Amino acid sequence: MAALTDARGRTTAPGPGLASSWTTIARVIEHRALQYRRTFRASLFSSFGIPVLFLTAMGLGLGGYVDQNPDPSLAGLTYLQFLAPGLLAATVMQSGSFEAAFPILGGLQWNKIFHAMFATPIRALDIVLGNLAWIAIRLTMISIAFSIVVVAFGASRSPLIVVAIPAAVLTGLAFTAPIMAFTATQRTPDRFAAMFRFGITPLFLFSGTFYPIESLPGFLQPVAWISPLWHGVDLCRQLMLGTVDRDPVLAIVHVVVLGAITVAGVLAAARTFEARLVRG
Amino acid sequence: MSLDGATRPLIHARALTKRFAAFTAVDAVDFDVARGEAFGFLGPNGAGKTSTMRMIGCTSPISGGELRILDMDPRHDGPQIRARLGVVPQHDTLDNELTVRENLLIYGRYFGLTREECARRADDLLEFVQLADRGKDLVEPLSGGMKRRLTIARSLINEPDVMLLDEPTTGLDPQARHLVWDRLYRLKQRGVTLVLTTHYMDEAEQLCDRLVVMDKAKIVAEGSPQELIQRYSTKEVAEFRFAPGIQETLDGQFEGLAERVERLPDRVLLYADDGEDVVLAARDRGLHPETVLVRRSTLEDVFLRLTGRSLVE
């Protein structure tokens with residue numbers, strides 16, 4: 001056909017190894033954003049609606065009851081102030097997990113759009129990083145909406161709430177990346193139900209979201225310590241309550257743990273995606 | 001690209017092999033595809049056609065042998081090769097969350113085209129596959145034939161040197177198939193190199209300048225449709241169908257009637273250069289088939305001769 005050299009001249013040739021160029025990632029983001037336009041309104045509504053519901057029911061309702069007999073472990077905070085950062089991290093965890101499960105399986109198995117992308121110059125790692133970047137954008141939007149609601153409820157005590165947004169996104173990605181790696185090994189969504197029931201929901205309940213982990217029976221406390229969500233909850237809480245200066249080392253540990261899980265998840269996903277796309 | 005690229009084969013395979021654990025899907029096949037050619041892999045399901053296509057498409061690594069595409073090595077130059085291929089997979093991989101036109105726009109972006117260029121090409125391609133009036137519709141309600149045409153349009157967005165079509169009309173009704181064939185024929189006229197797999201002998205005869213017959217992971221014959229028919233079959237075939245139970249009682253009555261006799265479960269095929277002569281001779285011998293059909297030999301007969309089996313079971 002006519003403009004062959006033209007097309008050739010403009011094609012990108014990504015380098016070898018793990019290096020992935022921003023332009024290929026940007027194309028995947030552009031694709032996902034185009035898909036997202038159709039569900040934007042519904043998604044925006046739930047981004048604001050869910051924190052309003054939870055903070056009203058648990059923060060004001062349950063909180064009003066708890067605050068009648070304040071527990072010393074709350075250290076003078078209202079229950080709403082204690083709950084809000086934990087709920088932010090937990091909400092982003094759930095969104096990040098969901099986004100890594102069904103939409104990713106869709107691209108690999110249902111409409112197989114990732115296979116179509118794999119027939120272009122882009123590589124499996126580009127597909128992983130592009131989707132991860134898109135999910136990070138979505139989680140940022142969710143975190144911003146959540147933070148606006150928290151401020152509106154008067155539950156924020158520090159301008160560091162702005163830094164709690166990337167902290168919450170990092171918490172979410174620490175779930176997104178490894179779950180994406182798992183999703184690429186699945187052909188049906190059958191195991192997702194078990195993952196949410198026996199993985200995500202217990203973490204939601206036992207990671208210090210709703211009460212300090214010190215309230216748990218002693219033998220259960222180590223469970224919270226190994227929970228990635230606990231690291232996210234505690235980090236967001238330190239930032240949103242402005243108490244990070246009391247234990248900055250712990251905050252750094254949280255960031256390192258969440259970052260390490262994310263990186264390990266990306267490396268695993270690069271392998272499982274490659275294997276899946278090659279197999280067809 | 002060197003100047004002698006025009007004379008060298010676009011695709012060059014020697015002893016090309018694909019293994020999955022203990023199973024050999026493609027067993028040391030040799031073939032070359034020249035620029036501008038329409039080249040086919042004809043064979044039944046499971047013959048190794050799709051595995052071969054996926055190796056050419058640089059989405060599945062080769063297990064052995066040699067493969068060069070556009071003078072590049074798929075082991076190192078996968079992205080560079082894929083940039084110049086147009087792939088129509090066996091099952092549609094369209095984005096159901098996007099419109100018809102958006103499917104083309106976003107796909108062009110993966111080839112590094114600007115948005116303006118994508119838009120221009122998308123409009124031309126929608127015109128070409130006769131979907132211009134469906135551009136704003138979502139993909140889901142389209143018919144199977146329309147989805148296939150959209151997939152073909154999508155594969156052309158990067159103006160590829162080679163189109164890889166894996167069973168382009170499987171599952172389509174006859175009218176939709178003819179529409180797809182017509183578009184592929186036009187592309188061939190424009191000089192686009194077509195590589196396709198099919199288990200339909202009529203598709204192979206209509207579209208392919210040259211083809212290889214594949215069976216059980218190996219290439220069993222190679223040539224143009226006409227050459228293959230001349231080499232492996234006779235000019236005509238007389239097909240005899242008998243009332244149920246009769247065929248089994250016949251033994252030796254076909255001896256000497258034709259150059260070659262194939263007994264299928266439901267009919268007997270008699271190969272000769274003049275089918276009518278065979279029919280008359282059979283009547284003289286007192287054979288009374290329920291129906292008689294005299295037709296020209298096809299690639300189906302070639303396949304039967306080479307493998308002892310039909311293409312579509």
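Modeller: Helices here are DSSP runs of H or I with at least four residues, strands are runs of E with at least two, and both are numbered from the N terminus. By that rule chain B has eleven helices and 13 strands. This is a predicted model: local features need pLDDT of at least 70, side-chain atom pairs count only at pLDDT 80 or more, and totals for chains, interfaces and linings use all residues. Residues are numbered from 1 along each chain as its sequence is written, while chains are lettered from A and ligands numbered from 1 in the order in which they are written.

Biologist: What are the dimensions of chain B along its principal axes?

Modeller: The C-alpha trace of chain B spans about 75 × 45 × 40 Å.

Biologist: Why does D266(B) count as exposed?

Modeller: Count the C-beta atoms, placed from the backbone, within 10 Å of the residue's own: 20 or more others make it buried, 12 or fewer exposed, anything in between partly exposed. D266(B) has 10 such neighbours, so it is exposed. Its place is in the loop between β11 (260-263) and β12 (268-272) of chain B. Its C-alpha atom is separated by 25 Å from that of D173(B), which is 93 residues away along the chain.

Biologist: How much of chain B counts as buried?

Modeller: 49% of its 313 residues.

Biologist: How do you know that the buried residues of α8(B) share a side?

Modeller: Helix α8 covers residues 225-232 of chain B, and P225(B), L228(B), I229(B) and Y232(B) are its buried residues in question. Take the directions from the helix axis to their C-beta atoms; the arc is that of these directions. It is only 100°, which puts the four on the same side of α8(B). An α-helix has 3.6 residues a turn, so residues three or four places apart point the same way. Q226(B) and R231(B), on the other side of α8(B), are exposed.

Biologist: What covers the buried residues of α8(B)?

Modeller: The cover includes α7 (201-207), β8 (210-215), β9 (218-223) and α11 (299-307) of chain B.

Biologist: What makes β1(B) and β2(B) a pair?

Modeller: Two strands pair if DSSP finds at least two bridges between them. Between β1 (residues 11-20) and β2 (residues 23-33) of chain B there are seven, and the strands run antiparallel. One bridge sets A13(B) against F31(B). The hairpin has two residues between the strands, and A21(B) takes a positive phi near 50°. β1(B) also pairs with β4(B), antiparallel, over five bridges. There R14(B) has E66(B) as its partner.

Biologist: Why are β2(B) and β4(B) called edges?

Modeller: The order in this open sheet of three strands is β2-β1-β4 (chain B), with antiparallel pairing. β2 and β4 (64-69) each have a single partner strand, so one side of each is left without a neighbour in the sheet. Neighbouring strands are turned by 25° against each other on average, direction ignored. Axes are lines fitted to C-alpha atoms, for helices over the stretch in contact, and angles run from 0 to 180 degrees between N-to-C directions.

Biologist: Which strands form the sheet that has β11(B) in it?

Modeller: Four strands, in the order β11-β12-β10-β13 (chain B), form an open sheet with antiparallel pairing. β11 and β13 (291-296) are its edge strands, each pairing on one side only. Four bridges link β11(B) to β12(B), with E262(B) opposite L269(B). A hairpin of four residues connects these two strands. Five bridges join β10 (residues 236-241) to β12(B), and V237(B) has Y271(B) as partner. Helix α10 (residues 275-284) lies across β10, β12 and β13 of chain B, at about 35° to β10(B).

Biologist: What makes a set of residues a nonpolar core?

Modeller: Its members are buried Ala, Val, Leu, Ile, Met, Phe, Trp, Tyr and Cys residues joined through C-beta atoms within 7 Å. In the largest such core, of 155 residues, V128(A), C236(A), L164(B), L194(B) and V195(B) touch the most other members. Apart from it lies another core, of twelve residues, among them A238(B), F240(B), L269(B) and V278(B).

Biologist: How many residues of each chain are in contact with the other chain?

Modeller: Contact requires C-beta atoms, placed from the backbone, within 7 Å. That gives 31 residues of chain A touching 30 of chain B. α1 (4-10), α2 (22-36), α5 (113-118) and α11 (248-279) of chain A each supply at least two residues of the side of chain A that touches chain B.

Key. Contact = placed C-beta atoms within 7 Å.
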